[in-house]
Amino acid sequence: MRLTNPRAEVLGPRRHRGELVLASVLGFCILILSAQAPARSRRGSVLQSWILSAAAPLASAVSALSRTVSSGAESLQSLWQAQSENERLKRELAGKNRELFELRAQASQRSEDERLLAASAALPNLRGAAAVLLVENRAGFQSAVIGAGSAQGVVAGCPIAVAEGLVGRVVTVGHAVSRAQLLVDASAAAGARISRTGELGVVRGDGRGGLHLNNIPTTSTVAAGDLIESAGIDGIYPRGVPIGRVTSVGRGSLFLEIRVAPAVRFSQLTDVLVLAPSPAIVDGLEGARSGRP
Amino acid sequence: MKLGRIALLLAAATALQFFVGGSPHRAVWPVDFFLLATGMVARGGDFVRAVLVGGVVGIVEDALNHDLIGMNAFAKAALGYGLAFLSIRVMFGGPWAVGGALAAASLVNDLIVAVLGSLLLQAPIVLFSREALWRAVATGASGGVLEAARLFPWREWWERRRLRRLR
């Protein structure tokens with residue numbers, strides 16, 4: 001005889017389910033309890049320990065990722081800052097360079113002006129300074145275009161000079177520019193005086209960058225190295241402005257053949273001083289304006 | 001050569017003449033840019049344009065540098081014709097020939113101006129000075145370099161360079 005519980009038969013299929021629920025509940029309780037129980041090392045609960053242990057790799061990975069991202073962001077920020085700072089420094093450097101260039105140019109111009117002004121004490125009736133815009137040398141014709149004209153009071157016949165000596169004279173005047181004939185032009189001439197002996201002659205350009213001193217008698221004691229200056233006898237150039245130095249003296253039939261090296265380096269002219277024209281030229285200009293001969 | 005290019009050439013020649021002529025180092029490489037411009041127009045073989053361009057640049061040069069306007073215009077118009085003739089009739093070319101022709105033209109320009117100055121202004125004739133010879137050398141060399149640059153196969157060179165980079 002088999003003793004059976006009808007109720008148990010009825011509940012049979014559901015019996016294991018209850019066990020599972022029980023096991024689950026118990027397990028959960030144990031878990032909760034254990035979670036609340038302090039760990040052996042008293043460094044927190046077991047749950048916390050477990051969670052921390054379980055989370056450690058993830059936390060480490062995420063943290064590493066975070067650090068990498070932060071580091072990358074910082075690097076990017078630093079790079080961007082460095083780039084922007086670099087740009088700013090470059091701009092500043094360019095600005096400083098420009099400023100330095102301008103200051104150098106101003107200093108150079110000031111020293112040139114001072115040099116010209118220092119010379120102006122020895123040059124009479126200074127009208128002003130002018131830049132040399134163009135120097136031309138062709139077939140003996142040597143001329144220069146200067147950046148001063150009638151607007152600056154320049155008239156045809158104004159002598160031009162630099163600190164070293166006489167350069168030439170203005171021959172054509174425009175409103176803001178003028179053309180000047182250089183002393184080394186093959187057609188140019190000026191009254192000249194040998195500074196040491198006081199003898200008078202005529203200096204002529206040879207069209208090749210040199211000068212000849214003519215009309216000096218063979219009895220003269222002129223020698224190489226003597227200073228030649230303007231004599232003021234030609235009605236164009238003022239007196240006492242250096243022209244050049246004697247380089248060689250040869251004997252001719254009546255007069256000495258004297259070669260003169262110009263005091264001015266004509267190929268390197270950058271600025272000139274414009275002097276007032278001689279009274280003879282001013283009279284001539286006024287006469288031309290008034291119509292009298 | 002088209003008229004627009006000619007106008008541009010004349011403006012560039014004038015600007016360069018001032019640029020070099022206003023420099024304190026003007027004697028280092030004294031190229032006659034006006035003659036170069038004339039030569040470049042004459043290189044096309046058009047007599048009329050070469051002569052007209054020579055005349056115009058000569059007048060500009062005279063206005064800037066000489067008492068008489070027309071001496072350089074005369075010389076450069078004649079040289080424009082001569083150079084155009086050379087470019088058409090004479091069977092030689094290349095940078096050396098162009099450079100030599102321009103150097104000779106520079107000296108002939110000086111000769112014509114000197115003779116005209118002597119006749120019209122009673123100025124002493126100054127020929128073949130050191131500056132004139134150096135200007136002829138500079139003008140000839142510059143013209144030769146320009147001709148070499150004109151003849152250089154820039155397109156092929158650029159294509160070869162591009163292909164070399166792609167490999």
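In this predicted model, chain A and chain B touch through 21 residues from chain A and 23 residues from chain B. On the side of chain A that touches chain B, two elements give two or more residues: strand 1 (126-138) and strand 2 (141-146) of chain A. Strand 1 of chain A gives the most, with 7 residues. By kind, that side of chain A divides into 9 nonpolar, 9 polar and 3 charged residues.

Now to chain B itself. Chain B has 7 helices and 0 strands. Its pattern along the sequence reads α-α-α-α-α-α-α. Of the 167 residues in chain B, 41% are buried. Take the contacts in chain B between residues at least 6 apart in sequence: 67% of them join residues at least 24 apart.

One helix pair shows how chain B packs. The axes of helix 3 (residues 47-65) and helix 4 (residues 71-89) of chain B come within 7 Å and cross at roughly 155°. Angles over 145 degrees count as roughly antiparallel. Helix 3 of chain B and helix 4 of chain B are therefore roughly antiparallel to each other. Their crossing is right-handed. Helix 3 of chain B brings residues including Phe47(B), Val51(B) and Gly55(B) to the contact. Among those from helix 4 of chain B are Met71(B), Phe74(B) and Tyr81(B).

The table sets out the residue kinds in two places.

How values were computed: Residues numbered from 1 in each chain as written. Chains lettered and ligands numbered in written order. Predicted model: local features only at pLDDT ≥ 70, side-chain atom pairs only at ≥ 80, totals over all residues. Axes fitted to C-alpha atoms, helices over the stretch in contact; angles between N-to-C directions. Helix = DSSP H or I, 4+ residues; strand = E, 2+ residues; numbered from the N terminus. Parallel < 35°, antiparallel > 145°, perpendicular 65-115°, else oblique. Left-handed = near helix turned anticlockwise from the far one by under 90°. Contact = placed C-beta atoms within 7 Å. Buried ≥ 20, exposed ≤ 12 C-beta atoms within 10 Å, placed from the backbone. Nonpolar A, V, L, I, M, F, W, Y, C, P; charged D, E, K, R; others polar.
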